[in-house]
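Subject: A structure to look at, with notes

Hi there,

I am handing over the structure we talked about, so please open it and have a look around.

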Amino acid sequence: MAIPDAALERAAELRAEIAFHNRQYHRFDAPKIPDAAFDALMQELLRLEKEFPQLLTATSPTLNVGGPISKAFSEVRHERPMLSLENAFSREDIEDFWRRLQQKIGDHEVTLVAEPKLDGLAVSLIYDKGHLVCAATRGDGETGEDITANILTIGDIPQQLEGTGWPSHFEIRGEVFMSREGFKRLNECALLAGEKTFANPRNAAAGSLRQIDSRVTRERPLSFYCYGQGAYPSEDLPSHHYQLLQQLSAWGIPINPEILRVTSIEGCLSFYEDLMKRRPTLAYDIDGVVYKVDLLADRERLGPPTARAPRWAIAHKFPAEEALTRLISIDIQVGRTGALTPVARLEPVFVGGVTVTNATLHNAEEIQRKDIRAGDQVVVRRAGDVIPEIVRSLPDQRPLTSAPFEIPTHCPVCGSKVDHSPEETILRCSGGLFCPAQHKESIRHFASRKAMDIDGLGEKLIDQLLERHLIETVADLYTLSANGLSALDRLGEKSAENLIKALDESRHTTLPRFLFALGIREVGEVTGRLLADHFRQFEDLMAADTASLEAIPDIGPSVAQHIVTFFQQPHNREVIRKLLDNGVFWDPLPARPATEALPLAGKVFVVTGTLDGFTRDQASAAIITLGGKVTSSVSKKTDYVVIGKEPGSKASKARDLGIDLLLEEDFIHLLKESGHEPSGT
């Protein structure tokens with residue numbers, strides 16, 4: 001089954017957001033969202049990739065650690081990767097972790113080392129013959145930044161080890177952080193000097209450690225705790241992690257005094273609860289607890305790490321903190337894809353380490369369910385790892401003039417009807433072709449290769465066209481002239497002429513491409529082909545009701561409603577009329593043969609794995625054109641399973657059921673035999 005457009009769109013949005021926040025966090029030391037907000041993005045992407053495995057690529061942030069390397073520093077290749085940690089947020093998560101350990105280590109008692117999870121910057125330190133010779137950041141996990149000069153300014157970190165018995169060459173890892181008192185003093189000095197202050201101790205520590213001038217770092221109150229080893233000679237390693245930390249401490253390397261051995265789930269949770277109670281009194285910021293398998297031989301038995309994290313450790317995040325404030329108003333924001341998001345405007349309140357003025361309300365239904373109203377006193381929850389949110393209101397303190405929140409029926413930006421699918425809680429503006437909040441996205445999609453294929457119309461050019469009010473909707477693209485375009489930044493006369501030529505050529509399209517280009521929710525390439533093949537005439541599709549749409553195979557109630565709602569909007573119809581008036585056209589579709597007369601009529605296909613010459617949508621479209629049906633799961637009713645690279649469990653199930661497997665060359669041969677000339681990627 002093809003990936004739904006909504007899933008593709010959301011996955012792309014998540015990857016872009018994660019990449020942006022990775023850069024902010026790792027390169028600029030200026031995160032825009034709390035850790036848990038970033039965690040939430042990652043968890044959502046993980047869920048999508050699990051539901052649609054074909055979304056997963058080798059470059060997915062769910063398979064990678066850290067962020068890009070700053071060009072301001074030399075690169076250091078880690079002798080062993082610096083991985084991240086799996087996160088746990090509940091007792092159930094810890095029980096699952098413990099159960100996995102017990103399954104692999106069942107012949108003796110499992111011992112863990114519990115320690116505070118510091119909110120700082122992870123670093124690698126290499127000692128050679130007792131001397132500190134190299135220090136690096138985590139970077140992308142494989143390669144970090146050389147920060148040796150800056151690390152040498154931190155008094156906590158010994159440049160020459162104490163005592164004797166250390167290996168001739170070894171690596172340790174730990175966290176550089178700034179104490180709360182040090183952070184306070186640093187910001188006070190910055191205010192007196194008229195300089196910019198830091199948002200929190202973590203940003204201050206990271207920014208201090210990545211100074212080009214190490215003299216600046218020397219003036220910053222940085223500290224360090226070691227939490228383990230990196231590349232370390234096996235013959236010199238103690239048998240237990242706890243013993244290793246004690247040995248490192250004897251050589252003068254600082255370790256956290258809160259570290260404790262535990263031997264049960266209750267021991268883990270007791271340490272967690274105790275540390276959470278004492279969290280406000282600690283000298284430094286922490287955002288949770290880390291549990292690590294103590295016996296190093298047990299770690300080996302647990303197997304190699306996942307793409308991002310070892311199997312022998314987990315980070316148990318703290319819950320949010322709460323505060324009381326007044327909800328001033330509930331505003332509705334319209335995103336670039338038309339999603340309507342309610343945002344709470346709050347009287348400023350200090351919670352979770354920062355001053356909060358806005359909070360998420362999730363969705364309109366949630367607001368009504370919790371009966372949250374403008375003017376209410378509300379409980380706001382926010383910790384270093386959670387987006388600020390409103391937990392509940394206090395109705396007994398509610399003003400007499402308050403009114404229940406009403407779910408919007410029309411877009412606050414363009415007035416189009418709100419499209420509310422029963423399958424999801426998100427509200428969306430249906431004026432995709434007209435709504436100013438969606439102009440950039442609708443034009444970008446309209447011009448894309450699989451839609452109208454307007455070569456040369458990239459995002460930066462779209463930005464300029466909108467900013468200079470040369471266009472408002474996609475229909476205005478066909479009123480542009482070369483003279484008008486040549487005045488734009490970095491667009492010469494020749495480029496302007498080429499774009500006008502591309503626009504002229506795009507006027508002649510096909511009905512399926514045009515339907516896809518309109519950007520109707522959940523109408524991708526395959527659905528566009530289905531609609532075109534069924535209705536043949538665009539006017540008939542525009543006039544269709546949900547019943548006639550649902551009669552088409554593979555068009556469900558949700559998609560049918562999206563289509564009807566889109567064409568009901570006068571603004572959308574006006575933009576479509578202008579497109580046709582401006583010369584967009586397609587050749588009439590030939591008479592449709594009876595489905596039963598098509599070569600693949602009655603045949604059920606499943607496409608799995610990655611094909612070289614086709615996208616999943618292209619393969620499905622070819623099958624449907626020839627009368628076949630494409631489904632997402634293998635069953636006894638399946639006739640063929642088309643397999644590409646890394647096909648997964650569907651191929652195995654097909655073999656078990658005795659279903660014919662088609663390699664890509666077999667599939668192409670079948671299409672040609674059926675009278676279809678394949679046209680892949």
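Predicted model: local features only at pLDDT ≥ 70, side-chain atom pairs only at ≥ 80, totals over all residues.

**H3 and H9**

Let's begin with helix H3, residues 91–104, and helix H9, residues 265–278. Their axes lie 10 Å apart, and the two helices pack at an angle of about 140°. Angles over 145 degrees would count as roughly antiparallel, but at this angle H3 is oblique to H9. The crossing of H3 past H9 is right-handed. If you want to find the contact on screen, select Arg91, Glu95 and Trp98 on the H3 side, then Ile265, Glu266, Cys268 and Leu269 on the H9 side. Sorted by class, this contact between H3 and H9 has 4 nonpolar residues and 3 charged ones, with no polar residues.

**H12 and H13**

Next, go to helix H12 (residues 439–447) and helix H13 (residues 459–467). Here the packing angle is about 135°, and the axes are 10 Å apart. That angle makes H12 oblique to H13. H12 passes H13 in a right-handed crossing. Which residues make the contact between them? From H12 come His439, Lys440, Ile443 and Arg444, while H13 brings Glu459, Ile462, Asp463 and Leu466. In the contact of H12 with H13 you will find 4 charged residues, 3 nonpolar and 1 polar.

**H17 and H22**

On H17, look for Glu525, Val526, Arg529 and Leu530; they meet Asp617, Ser620, Ala621, Ile624 and Thr625 of H22. The contact of H17 with H22 divides into 4 nonpolar, 2 polar and 3 charged residues.

**The cavity**

Finally, some empty space. Rolling a probe the size of a water molecule over the atoms shows where such space is left. How many cavities of 30 Å³ or more does the structure hold? The count is 1, and the largest cavity has a volume of about 30 Å³. Its lining is made up of Thr360, Leu361, His362, Glu366, Ile367, Lys370, Ile372 and Ile390. Helix H11, residues 364–370, gives the largest share of that lining, with 3 residues. By class, the lining residues of the largest cavity are 4 nonpolar, 2 polar and 2 charged.

Happy exploring, and do write back with any questions!

Best wishes

How values were computed: Residues numbered from 1 in each chain as written. Heavy atoms only, no water. Axes fitted to C-alpha atoms, helices over the stretch in contact; angles between N-to-C directions. Helix = DSSP H or I, 4+ residues; strand = E, 2+ residues; numbered from the N terminus. Parallel < 35°, antiparallel > 145°, perpendicular 65-115°, else oblique. Left-handed = near helix turned anticlockwise from the far one by under 90°. Contact = heavy atoms within 4.5 Å. Nonpolar A, V, L, I, M, F, W, Y, C, P; charged D, E, K, R; others polar. 1 Å grid on protein atoms, 1.4 Å probe; cavity = no way out; pocket = protein on both sides within 12 Å on 5 of 7 lines; lining within 4 Å. Points joined across faces, edges and corners; volume = space filled by probe spheres on them.
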